[in-house]
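Open the model in your viewer and keep the selection tool at hand. The stops below say what to select and what is there.

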Amino acid sequence: MLNFDLHFSRGGFELTAAATVGAGVTGVFGPSGSGKSTLLALLAGLLSPTRGTVNLGDRILVDTHGKRFVPAWDRHVGLVFQDGQLFPHLTVRDNLLYGFSRIAPGLRRFDLQGVAQLLELTPLLDRRPTLLSGGERQRVALGRALLYSPQLLLLDEPLSSLDDRLKQQILPFLKRIRDETRIPMLYVTHARSELDYLADRVLGMESGRLQADVTA
Ligand SMILES: Nc1ncnc2c1ncn2[C@@H]1O[C@H](COP(=O)(O)OP(=O)(O)OP(=O)(O)O)[C@@H](O)[C@H]1O
């Protein structure tokens with residue numbers, strides 16, 4: 001369970017966002033420049049709020065009043081961007097194992113074999129990312145995020161660089177991750193159809209303000 005109450009200012013831009021996010025996919029939908037990526041950066045620990053709190057499970061990640069700020073690398077939060085940003089010099093297997101090898105064995109929730117099966121990556125494990133299709137690359141990025149054993153998955157327009165055919169191929173994998181891992185997922189997209197397919201609820205972002213449940 002993720003819980004946050006955040007305030008952030010940068011230049012003339014102000015963000016105010018509070019919500020509780022449980023298992024399943026919570027969509028974040030709103031116009032360009034409304035603050036969706038900024039919200040994810042605050043939750044991932046890539047930005048520090050002006051004031052506020054972030055709690056994930058039983059951990060306090062941010063409490064500006066108590067001067068607590070857990071750095072990004074210690075948050076157990078997985079991030080997937082529009083372009084999967086794989087390491088080009090590593091095979092699919094080594095890309096997948098990148099975060100896994102940095103997690104203490106006792107905290108690992110998934111293994112390589114299970115994730116490769118879930119995302120149908122087993123035949124691709126020895127390939128380099130340059131020899132993958134865009135959809136395959138995004139599946140590796142999702143797998144890498146899962147093998148990091150995140151307690152929260154932040155997805156920032158993960159399908160927007162793909163054509164419609166590849167989007168349709170990957171959406172069922174995202175649904176599988178949602179249903180088989182029960183990790184809370186925040187999913188930023190401009191595509192209403194992706195949210196209709198995946199999201200349990202949708203939060204609206206409008207001029208830096210997060211609004212609860214714009215649709216069910
Ligand atoms: N690195 C930055 N430095 C200064 N201002 C920034 C920076 N990144 C974003 N902004 C500004 O912060 C505001 C929110 O941007 P953000 O990227 O969070 O919006 P968004 O809803 O994710 O937009 P999009 O849908 O286009 O990705 C915008 O006014 C943007 O211009």
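Start at the loop between β6 (68-69) and β7 (77-80), and select His76 there; strands (E, at least two residues) and helices (H or I, at least four) are DSSP runs, numbered from the N terminus. The phi of His76 is near 60°, a positive value in a residue other than glycine. His76 is partly exposed, with 18 other C-beta atoms within 10 Å. On this scale 20 or more such atoms make a residue buried, 12 or fewer exposed, and a count in between partly exposed, with C-beta atoms placed from the backbone.

This is a predicted model, in which local features need pLDDT of at least 70 and side-chain atom pairs count only at pLDDT 80 or more, while totals for chains, interfaces and linings use all residues. Residues are numbered from 1 along each chain as its sequence is written.

Next, select Glu157, in the loop between β8 (152-156) and α5 (164-181). Glu157 is not a glycine, yet its phi is positive, about 45°. It is partly exposed, with 18 C-beta neighbours inside 10 Å.

Move to Ala19 in strand β2 (residues 13-21). Ala19 has 19 C-beta neighbours inside 10 Å and counts as partly exposed. Beyond four places in sequence, its contacts (C-beta atoms, placed from the backbone, within 7 Å) are Phe4, Leu203, Leu210 and Ala212. Phe4 is 15 residues from Ala19 along the chain, and their C-alpha atoms are separated by 5.7 Å.

Which helix gives the largest share of the shell around it? Helix α1 (residues 36-44) does, with 3 residues.

How values were computed:
Contact = placed C-beta atoms within 7 Å.
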